[in-house]
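Please look over the structure below before reading on. The report that follows describes one chain and the place where it meets its neighbour.

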Amino acid sequence: MTPTPSAESLLFPNLPYTVAKRSDVATRDVQLQQFVNHATLTKDIARKQLMPQVFGEHVDAVRTLAGDIKQHALDHLDYYLEQFISNAEAAGAKVHFAATDAQAREITIAIAKENQCKLCVKSKSMVTEEVHLLPALEAIGCETIETDLGEFILQLDHDAPSHIVTPMIHKDRTAVARAFVRELGAAYTEDAEALTRIAREHLRQKYREADLGICGGNFLVAETGSVVICTNEGNGRLCTSAPRVLVAMVGIEKIVPRLEHLGVLLKVLARSATAQPLTVYTHTMTGPRRAAEPDGPEQMHIILVDNGRTEALREETREMLRCIRCGACLNACPVYRKIGGHSYGAVYSGPIGAILTPVLKGLENYPDLPHASSLCGACYEACPVKINIPKFLVQLRAELVSRKLDKPADRLFMKLWARSLTTTATFRFGGWSQKWGFRLLAAFNASLEDGSDYAARGWLRSAPGPVAGWTQARDMPTPPARSFRHWWREHEKQGRTQSPNQPPH
Amino acid sequence: MPHHDTQPGEPRQAFFSRIHQALGRSTTAAPTEPAPAVDEKLVRLASADDDLVALFARRAREVGMFVELVTASAAAAQVKQLLDARGAKRLVCQPGQAGDAIGLRAALGEGYVFIEPDGQGLEPYYDTDAGISDVHAALAETGTLICCSGRSHPRGTSLVPPYHLALVRRSDILPDMIDYWARLKGIPGRDLPSSQAFITGPSKTADIEGILITGVHGPGRVDIVLIDDL
């Protein structure tokens with residue numbers, strides 16, 4: 001993508017952030033369009049085929065059940081978190097509380113320092129991305145390696161993830177090949193299998209040496225105090241089994257009451273994400289290694305992260321926190337497919353990002369994000385926990401207006417439009433000024449070299465000012481010479497039995 | 001938990017007060033309504049009425065594992081044959097009761113190097129060819145192997161060697177994940193193994209242009225010797 005902003009600024013741009021800046025570039029990037037389109041469409045189609053194949057007529061009821069489970073857990077988050085904490089502590093884990101991203105970093109750093117950790121292997125986790133953990137660990141001299149293949153490549157290439165589940169769908173293998181030559185001194189190859197082997201050998205050595213392992217958590221089980229991670233590569237199991245110190249950093253919304261509830265969510269997670277029955281490794285971890293066990297971490301720390309989640313936990317937005325990060329809404333979204341993940345300017349992209357980011361990081365900081373959607377509803381239909389994303393997009397748009405965060409020009413236009421619809425006189429005046437406005441534009445078009453033909457046929461090729469956005473991508477029809485009101489008057493005069501001619505379209 | 005100034009992070013009480021505020025109460029309250037019941041009509045995808053051996057074998061193959069159905073008397077020879085076919089010499093051999101039942105260690109005889117866990121961690125397993133394990137359960141519905149950590153069940157066996165060979169007995173197979181959770185019902189977390197790994201296929205990635213590659217970090221090959229009469 002050109003221009004290339006730093007990895008840092010991709011997910012943590014200067015605020016306030018506007019989507020349009022990056023999406024303009026992204027929509028002109030043919031290669032990006034191809035990669036993202038292919039990857040998301042393939043997964044979207046696979047999910048749509050698999051869900052009814054597995055759950056038959058119950059697909060909708062299963063989504064309702066999964067959503068109800070998460071909603072219940074959120075409605076009683078205090079109760080289930082307390083339960084989780086006492087069970088995790090009874091199993092030997094130490095639980096920490098991070099109100100902010102800074103606290104999440106400080107806690108991790110303190111653990112790393114206390115245990116004199118020099119090398120950290122990390123599995124894929126959105127929340128560690130969100131709290132900006134990696135640079136903080138590197139800053140205290142603890143080398144930190146992303147081990148998920150996609151994230152590893154992004155780290156080597158100073159890039160940032162653009163999809164919740166498949167982080168490097170915006171890159172191709174030549175970029176990987178170049179990064180491996182440059183950063184690992186590997187021989188150039190474009191063979192995906194050979195590239196994977198290079199990464200495997202490199203990372204194996206890191207697992208052997210690492211003294212700190214960091215993972216996120218897909219679920220926290222209240223009744224047992226377990227942390228559950230779902231991965232395909234096995235890096236998650238290695239990061240949580242090889243080093244002597246384990247840190248699981250997890251958002252508070254990941255809680256589920258009981259193992260049977262976990263089971264329901266596992267049944268929809270991988271099927272919605274990648275159309276797999278389960279991820280290859282579903283790893284349920286309950287405390288550090290027991291005395292009799294021959295391997296596993298000696299310490300298990302669990303950092304519970306708020307970082308804006310209690311803001312989203314308010315009744316009006318609580319449903320958003322049901323998200324199990326399957327990425328189905330990204331794959332289903334026609335807007336995400338066009339603009340790619342980096343256009344969302346935050347850790348969480350796609351439709352879920354468009355509603356979650358403004359709540360977690362402030363609507364004033366992401367004022368056009370709720371507009372990065374056509375409200376087609378594909379995201380809602382795809383969501384395995386039935387988050388009504390379009391409803392929240394509209395809710396946030398209303399909040400933009402009520403908090404006067406929308407563009408002044410838009411506000412003025414909407415006001416004038418509303419006013420024009422209130423009385424017959426203003427409506428007629430509106431129609432009249434529109435007609436003459438367009439005639440002026442038509443005259444302007446007729447003066448253009450490539451516009452005159454269009455104008456003659458009643459189309460505008462280009463228009464200035466607020467109409468420019470429309471004519472950038474398509475032509476605009478001029479209003480017909482005779483208005484509907486005009487036709488109606490004639491029609492009434494001549495009587496209804498005999499129509500003068502067809503009404504204007 | 002007491003909070004000291006030297007300890008980073010937020011005191012538990014303050015952390016919970018924000019949650020209470022968002023939920024519109026001042027202290028933690030037990031739910032007045034029961035947690036949603038898991039309606040098996042909706043989510044049970046296999047039952048005891050199914051041909052569980054056939055279903056498990058089919059699903060396990062679908063996700064890329066190799067399944068060989070044998071009788072107990074032929075199982076040890078089958079394991080040996082598979083190991084030799086894969087050229088596996090250095091073995092992490094922790095096949096538990098299933099291994100004892102088929103007399104595996106004796107049947108393998110000479111010609112292999114057996115790597116024992118050192119009680120320190122995963123280090124012994126890196127330079128090995130195969131890990132041989134039993135399973136704590138297997139799920140027919142998804143073709144899943146469940147491997148839990150324990151005294152004679154290192155995490156590393158099914159994770160570190162490039163090749164995992166699992167012994168699964170007919171009696172290990174549960175129809176659905178629901179049945180596994182039911183088995184754990186009422187066991188407090190502290191009495192659970194520290195690691196319960198649900199394994200559904202060989203290690204996989206599709207991160208590079210969506211091309212499916214096996215064996216990225218975990219075993220690239222998983223063979224199942226499915227023992228029909230145990």
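Two strands are said to pair if DSSP finds at least two bridges between them, where strands (E, at least two residues) and helices (H or I, at least four) are DSSP runs numbered from the N terminus. This is a predicted model, in which local features need pLDDT of at least 70 and side-chain atom pairs count only at pLDDT 80 or more, whereas totals for chains, interfaces and linings use all residues. Residues are numbered from 1 along each chain as its sequence is written, while chains are lettered from A and ligands numbered from 1 in the order in which they are written.

Across the two chains, strand E9 (residues 281-285) of chain A pairs with E9(B) in the antiparallel sense over five bridges, and one of the bridge partners in E9(B) is B:Ile199, which faces A:Tyr281 in this pairing.

In total, 66 residues of chain B are in contact with 85 residues of chain A, a contact being two residues whose C-beta atoms, placed from the backbone, lie within 7 Å. Helix H1 of chain B gives the largest share of its side, eight residues.

| Element of chain B | Residues |
|---|---|
| Helix H1 | 12-23 |
| Helix H2 | 40-43 |
| Helix H7 | 177-184 |
| Strand E9 | 195-199 |
| Strand E10 | 204-205 |

As a whole, chain B has seven helices and 12 strands, and its C-alpha atoms fill a box of roughly 65 × 50 × 40 Å, taken along the principal axes.
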